[in-house]
Structure formats: C-alpha cells, structure tokens
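Some notes on the salt bridges follow, as numbered points. Please read them alongside the sequence and the model.

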Amino acid sequence: MIPLFKSHYSIGKSILTLVPPGSEGAQGSDSIFSIAQEEGLQDLFLVEDSLVGFLQALKGAGELGVNLRFGLRLTMADSLATSETNCLHKIIIFSRNSDGCKKLNQIYSFAFTEGEGKIDTEHLKKLWSNKDLKLAIPFYDSFIFQNLFSFSSCVPDFSFTHPSFFIEDNGLPFDPLLTTAVVKYARKMKAETVEAKSIFYKERADFEAFQTYKCICGRQSFRKPSLESPNLDHCGSVEFSMESWKEAVRA
C-alpha cells in the first residue's frame with residue numbers, strides 16, 4: 001500500500017510540512033521527511049496541487065537519501081476550447097526522471113497561464129512522454145467518482161498512455177461502492193489498480209487540528225466552514241493518517 005503524502009504547500013489540504021528532520025523549524029510540526037525517516041521509507045510519494053514546494057522536496061529527499069516520487073495533481077477538462085463548464089475531474093502526473101520534471105513544469109505552466117488551472121487531453125497529449133511521465137487516477141475526485149456521485153458523464157481519453165488507478169479505504173461510507181466501480185473500469189481498460197492511502201496528518205489524534213486548518217483556509221462562500229459546521233469534503237473519517245497506514249500495512 002503506497003502512502004501518498006501531501007504537504008502544506010497544497011494549501012488547505014495537509015498539515016504536514018517539508019521541514020528537514022531535526023531542524024529548528026521542525027519543532028511544533030510534523031515533517032514528511034521525519035515520518036519517512038522514522039518508518040524507513042525508501043520511496044517518498046508526494047502528491048501536490050502545485051510545484052511551489054518541489055525544490056524543497058527534492059533537496060530534502062536528497063539529504064535523507066530517499067527516492068522522491070513527485071506527482072502533480074491537476075484538474076482535467078474535456079476541452080479548453082469552450083468557456084462552458086464541462087466535465088472536470090482530477091488526475092495525478094508523476095515524474096519518472098529529470099526530463100519528466102521539466103515536462104511537469106511545462107504542463108503546470110500551461111495549466112496555470114493558459115488553462116485557468118486546468119488542462120485538457122489535446123494539450124496534455126502534446127506535452128506527454130510515456131518515458132518521462134506516469135499518469136495515475138486518484139481515488140477521490142476522479143472522473144469515476146464524479147460519474148458515480150455527481151451524475152456526470154465523463155469519458156476521458158487516455159489512449160495516449162497507460163494510467164494506473166489508485167484504490168483507497170479510509171472508512172468513508174462510499175469507499176466500497178467506489179472501489180467496485182474503479183476495479184470494474186480498470187479491468188475493462190486492462191489497467192492496473194494500486195492500493196494507496198492519502199496522508200494529510202501523522203496521527204488520528206491530529207484530525208481536529210487538520211479540520212481546524214481546513215476551516216481556516218476555507219474559501220469565502222455562502223456557507224463558510226466552521227468547527228460547529230465544518231461542511232468539508234472527506235472529513236468524515238480520521239483515517240487519512242500515517243498511523244492508519246501503518247496499521248493497514250501490518251495487518
């Protein structure tokens with residue numbers, strides 16, 4: 001089961017940091033690198049919503065002697081040629097090597113300069129290289145999730161590559177139903193499924209701090225989240241933790 005870490009650089013998504021182990025800044029926060037060191041991880045899977053923390057992650061991984069498996073989580077649209085809100089869903093693009101890092105930067109730059117934070121199949125194909133990049137479909141917020149729970153009808157074109165599909169079990173009531181749908185689709189596409197767990201905090205006891213952080217970072221909307229009424233996605237479980245991952249691996 002792959003631990004999919006996310007750091008504070010993905011604003012509002014995680015309370016874990018990329019502070020080097022033992023440094024002065026490590027006090028009072030949980031560092032992904034400290035966790036990796038404690039657990040003896042050789043491969044560090046880091047899935048971020050931006051490239052802002054990439055250089056710090058790369059430097060920290062090098063100092064710790066672990067292999068950084070960096071993934072960029074992006075919104076994918078059917079087409080950027082229309083201003084209409086078409087089928088939107090998340091994808092994760094992992095870099096395989098240094099050339100892949102450069103291509104990630106190109107994809108990220110395009111998405112946030114010309115795509116208003118999104119990319120579509122047409123432009124992704126132009127920048128894609130199977131030798132340098134790997135496409136993964138997240139368990140939550142994927143096109144399968146949208147089709148199943150939001151009455152969408154997303155049919156993305158992945159003919160240019162061979163995506164892997166992540167499967168998670170975080171104790172949310174819809175996890176089994178979503179797992180069945182993902183496995184069914186992956187078999188149909190002859191694609192691999194990979195067990196994973198998204199990790200946003202270290203211990204289950206950190207859930208309240210995580211929830212508080214998300215409330216603070218919540219967008220100004222008609223109903224702003226609060227501790228009394230958090231109204232936050234995927235906050236119905238305390239299992240998005242390293243503690244939970246360790247128990248699942250040892251079971």
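1. A network of salt bridges links Lys-6, Lys-13, Asp-49, Arg-73 and Asp-141. The model is a predicted one. Across the whole structure, the search returns 12 salt bridges.

2. Lys-6 sits in the loop between strand 1 (2-5) and strand 2 (16-17), and Asp-49 in the loop between strand 4 (43-48) and helix 2 (54-64). The two residues are 43 residues apart, and the pair links distant parts of the chain. Both Lys-6 and Asp-49 are buried.

3. Glu-39 pairs with Lys-246 in a salt bridge, again with the closest N and O atoms 3.3 Å apart. Glu-39 belongs to helix 1 (residues 32-39) and Lys-246 to helix 8 (residues 242-250), so this bridge ties together parts that are 207 residues apart in sequence. Glu-39 has a relative accessible area of 24% and is therefore partly exposed, as buried would require under 20%.

4. Helix 8 also contains Glu-243, while Arg-204 lies in the loop between strand 10 (193-199) and helix 7 (207-216). Arg-204 and Glu-243 form a salt bridge, with 3.5 Å between the closest N and O atoms. The pair therefore ties together parts that are 39 residues apart in sequence.

5. On exposure of this last pair, Arg-204 is partly exposed at 22% relative accessibility. Glu-243 is likewise partly exposed, its relative accessible area being 23%.

How values were computed
Residues are numbered from 1 along each chain as its sequence is written. This is a predicted model: local features need pLDDT of at least 70, side-chain atom pairs count only at pLDDT 80 or more; totals for chains, interfaces and linings use all residues. Side-chain values use heavy atoms; hydrogens and water are left out. A salt bridge is a side-chain nitrogen of Lys or Arg within 4 Å of a carboxyl oxygen of Asp or Glu. Helices (H or I, at least four residues) and strands (E, at least two) are DSSP runs, numbered from the N terminus. Buried means under 20% relative accessible area, exposed over 50%, partly exposed in between (1.4 Å probe, protein chains only).
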